[in-house]
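This briefing accompanies a predicted model. Please consult the sequence and the structure shown below while reading the points that follow.

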Amino acid sequence: MKIEITGLNQIYPNGNHALKDINIEFGTGMFGLLGPNGAGKSSLMRIIVTLMKPTSGQVLVNGMDIQKHRKELRKMLGYLPQDFRFFTSLKTWEFLDYSGSLAGLKNRRERLTEVDRLLDQVGLLEVRDRQANRLSGGMKRRLGIAQALIGNPKIIVVDEPTTGLDPDERIRFRNILSQLSQHDVTIILSTHIVGDISSTCQGMALLNKGELVFSGSPENLVKNAEGHVFRLILNPYDYEIVKEKYNVISTIPVEAGWEVQIVSDEVPEFPSESLIPNIEHAYVYFMEHKLHADITE
Ligand code: ADP
């Protein structure tokens with residue numbers, strides 16, 4: 001599976017330029033789309049699942065223009081939208097059975113076997129007879145992924161699936177996705193939570209205010225931040241100066257004043273120790289520091 005996005009722009013009727021000349025390419029496995037609220041993630045997702053036509057540019061799936069082949073694309077697609085809700089009093093299994101019918105699974109016996117297989121996969125088999133809208137928030141999200149999976153899609157698009165979940169559920173959801181990514185599918189996951197992007201993502205992109213700030217592997221993102229993250233021990237006076245001048249990532253009170261971590265293109269003017277960056281550091285480096293630096297340069 002190969003997905004190529006070229007020259008994509010989305011301008012809403014009110015003039016909002018939500019996607020600005022986006023070019024990304026990725027293949028099988030998990031692909032993470034990371035960015036703060038308003039970055040353009042949902043707009044990009046809606047275009048990929050053909051719910052919205054872009055203002056300009058195109059998306060190719062295995063060389064096929066999705067706008068010209070919407071029917072074929074939808075057959076190979078599973079989608080969990082950000083605002084997925086149940087306006088239904090169906091039982092959990094009944095809801096998934098209904099989703100299966102919509103996905104084209106005609107044989108009832110095969111469909112029911114698939115329903116229970118998927119309920120088991122997302123850990124909902126025990127609550128299969130509970131009314132779907134009485135499930136907990138995390139369970140609803142897992143039922144959401146199950147409905148996206150029914151019919152064996154080749155491309156699975158999940159928009160901000162971990163928002164509002166407690167840490168246990170978030171980890172559980174992530175594990176479900178990473179298990180799926182072992183199979184021959186492409187998963188596109190959007191999130192504003194850095195921790196959702198892990199080494200299980202083969203590729204990732206950073207979006208900010210409609211612009212693509214980075215695309216590549218998470219390892220590459222981190223590598224690009226090497227030599228740009230520093231730890232400093234500062235007295236309260238110097239701390240005020242550093243706070244103004246640099247992007248401060250964290251501040252911890254210590255006896256001498258403050259221990260701070262910063263991102264910076266150059267070695268800071270104050271005594272400092274270079275740190276090995278993690279993905280959070282790299283995120284701040286790209287999103288806040290680098291973007292700002294590029295714009296003001
Ligand atoms: P994200 O999913 O990253 O939060 P969105 O794609 O929802 O980002 O939004 C990107 C930008 O487009 C935001 O400024 C948002 O306000 C704007 N936007 C989204 N949907 C619409 C719409 N239907 N009409 C006008 N502006 C929109």
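At the start of helix H4, a side-chain oxygen of Asn 107 comes to within 3.0 Å of the backbone nitrogen of Arg 109.

**Helix H4**

- Helix H4 covers residues 108-121 and has 14 residues.
- From its first C-alpha to its last, H4 reaches 20 Å, close to the 20 Å expected at 1.5 Å a residue.
- The buried residues in H4 are Arg 111, Glu 114, Val 115, Leu 118 and Leu 119.
- These buried residues line one face of H4, because they fall within an arc of 135 degrees when seen down the helix axis.
- The face of H4 turned away from this buried side carries the exposed residues Arg 109, Glu 110, Thr 113 and Asp 120.
- Helix H3 (92-102) and helix H5 (137-149) are the elements against which the buried residues of H4 pack.
- Just after H4, Gly 123 adopts a positive phi of about 75 degrees.

**Helix H5**

- The 13 residues of H5 should span 18 Å at 1.5 Å a residue, which agrees with the 19 Å between its end C-alpha atoms.
- Because 10 of its 13 residues are buried, H5 is largely enclosed by the rest of the structure.
- Buried means under 20% relative accessible area, and the residues of H5 that are buried are Gly 138, Met 139, Arg 142, Leu 143, Gly 144, Ile 145, Ala 146, Gln 147, Ala 148 and Leu 149.
- The buried residues of H5 pack against H3 and H4, and also against strand E6, strand E7 (155-159) and helix H6 (167-180).
- Just after H5, a positive phi of about 95 degrees is found at Gly 151.

**The largest pocket**

- The largest pocket holds about 650 Å³ of space.
- Its lining consists of 23 residues, and those nearest the centre of the pocket are Leu 77, Tyr 79, Leu 102, Ala 103 and Gln 147.
- Two or more residues of the lining come from each of helix H2 (70-75), strand E6 (77-80), H3 and H5.
- H3 supplies the largest share of the lining, four residues.

Note on methods: Residues numbered from 1 in each chain as written. Predicted model: local features only at pLDDT ≥ 70, side-chain atom pairs only at ≥ 80, totals over all residues. Heavy atoms only, no water. Expected span 1.5 Å × (residues − 1). Buried < 20%, exposed > 50% of the residue type's maximum accessible area, 1.4 Å probe, protein only. Arc of directions from axis to C-beta. Contact = heavy atoms within 4.5 Å. Polar contact = N/O pair within 3.5 Å; in protein donor to acceptor, adjacent residues only side chain to side chain. 1 Å grid on protein atoms, 1.4 Å probe; cavity = no way out; pocket = protein on both sides within 12 Å on 5 of 7 lines; lining within 4 Å. Points joined across faces, edges and corners; volume = space filled by probe spheres on them.
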